[in-house]
Amino acid sequence: MGQTPAQRTECLTVRDLPPPPEGRTGWPWTDYRPDVLPAGHDGPWPKITVVTPSYMQGEFLEQTIRSVLLQNYPNLEYFVLDGGSTDRSREIIEKYSPWLAGWRCEKDAGQAAAVNEGWASATGDVLAWINSDDWYHPGALAAVGPLFREAQLVAWASGSVDDCASDGTYLRRHPAWPTSLAAAIGFHQSGYYQPGMFWSRSLVEKIGPLDEKSHLCFDLDFWARSLVAGFAMAPVDVPIACFRQHSASKSSSQFEAVIAESRAVFERYAAALSPAEHSQSAAWLREYAAELLLHILYGHLQESRKDQARAILLREWRTVLALRPWKLALGVLYRVLISGRSPNWFSKLP
């Protein structure tokens with residue numbers, strides 16, 4: 001596991017941690033919430049192990065770490081595992097190392113492998129991961145922990161997740177709700193959002209670790225595996241975490257790989273569906289892939305990469321046909337508005 005300093009286990013306040021960078025205010029920089037634990041709770045508090053996998057996220061990592069440590073949760077184990085970043089990540093991790101159960105900053109086999117590494121060393125009853133550009137809301141762990149006191153009742157829980165812009169500005173909220181296997185692997189109106197998720201140790205031991213061969217859809221694979229094994233997600237009507245949308249995030253910069261991996265997950269678990277569910281799920285997935293292709297094609301055309309756009313259209317023409325015309329029109333309009341300019345090829349149309 002690398003460095004494993006003695007961890008302080010008492011609840012922390014902003015006065016216990018290193019001061020935030022100058023000018024940073026609000027949670028989790030200067031706000032302290034001593035009231036986040038539910039009144040009258042008589043315990044015991046299940047031990048929650050949180051893992052943060054990270055690589056080249058020095059701009060955001062400190063906010064993530066502080067949001068975990070300042071949960072005021074009385075039974076927390078926290079690992080930060082970095083893949084050998086060359087930015088400020090190591091410096092930040094070392095600053096908070098006295099409060100970590102373990103950390104490292106060296107090359108690894110990717111995000112899923114880092115989470116598996118942390119979970120393999122975990123001693124918690126409940127397991128989770130929070131990426132190094134996301135963060136927890138105050139009281140997130142206190143809202144989830146009591147649900148797992150009776151492991152046979154809840155093995156998988158998830159709360160609402162907020163989308164936020166790169167600077168932390170709130171955009172929208174995604175409530176959690178149980179989603180069928182067909183909808184999950186078809187990417188259709190899913191109520192599953194990774195930053196808000198927590199699993200019991202018994203679930204992870206039964207279905208196995210994350211798929212390390214996958215780099216973009218290993219979370220979807222894990223949800224599908226949980227559903228096939230008979231575990232239903234318990235929704236929590238509480239905002240748990242914030243998902244940061246920014247240009248460097250994997251999910252927004254590798255659309256073609258997302259399409260390939262999502263199709264692989266579908267093929268892996270589609271046999272568990274009925275014929276009708278299979279047909280519907282496949283149709284949903286085609287529409288999802290078509291929407292991602294719109295992002296890809298627009299990007300190529302915006303930069304006058306016509307040959308790349310033409311090659312994708314020839315290869316994916318069946319998928320493109322699944323995109324509804326109104327979504328195509330709205331998609332182009334949205335990209336024109338947010339970019340402030342039309343694609344280069346628009347000016348060449350008659």
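Arg173 is partly exposed, at 41% relative accessible area. Keep in mind that this is a predicted model. Asp162 is its salt-bridge partner, with N and O 2.6 Å apart. Arg173 sits in strand β7, residues 170–174, and Asp162 in strand β6, residues 156–164, so the pair ties together parts eleven residues apart in sequence. And Asp162? Buried or exposed? Asp162 is buried, at 2% relative accessible area.

On to the next pair. Lys95 bridges to Glu62, and their closest N and O atoms are 2.9 Å apart. Lys95 belongs to helix α2, residues 89–96, and Glu62 to helix α1, residues 61–69, so this bridge ties together parts 33 residues apart in sequence. Lys95 is partly exposed at 31%. Glu62 is buried at 4%.

Asp108 is partly exposed, with 25% relative accessible area. Arg104 is buried, with 3%.

How many salt bridges does the structure hold? Twelve. There is a network too: salt bridges link Asp211, Lys213, Asp221, Arg225 and Arg268.

Now the helices. Take α10, residues 275–302, and α11, residues 306–315. Their axes come within 7 Å and cross at roughly 155°. That makes α10 roughly antiparallel to α11, because the angle is over 145 degrees. The crossing is left-handed.

Who touches whom? From α10 we have Leu293, Ile296, Leu297, His300 and Leu301; they meet Lys306, Gln308, Ala309, Ile312 and Leu313 of α11. By type, the residues of this contact are seven nonpolar, two polar and one charged.

Terms used: Residues numbered from 1 in each chain as written. Predicted model: local features only at pLDDT ≥ 70, side-chain atom pairs only at ≥ 80, totals over all residues. Heavy atoms only, no water. Axes fitted to C-alpha atoms, helices over the stretch in contact; angles between N-to-C directions. Helix = DSSP H or I, 4+ residues; strand = E, 2+ residues; numbered from the N terminus. Parallel < 35°, antiparallel > 145°, perpendicular 65-115°, else oblique. Left-handed = near helix turned anticlockwise from the far one by under 90°. Contact = heavy atoms within 4.5 Å. Nonpolar A, V, L, I, M, F, W, Y, C, P; charged D, E, K, R; others polar. Salt bridge = Lys/Arg side-chain N within 4 Å of Asp/Glu carboxyl O. Buried < 20%, exposed > 50% of the residue type's maximum accessible area, 1.4 Å probe, protein only.
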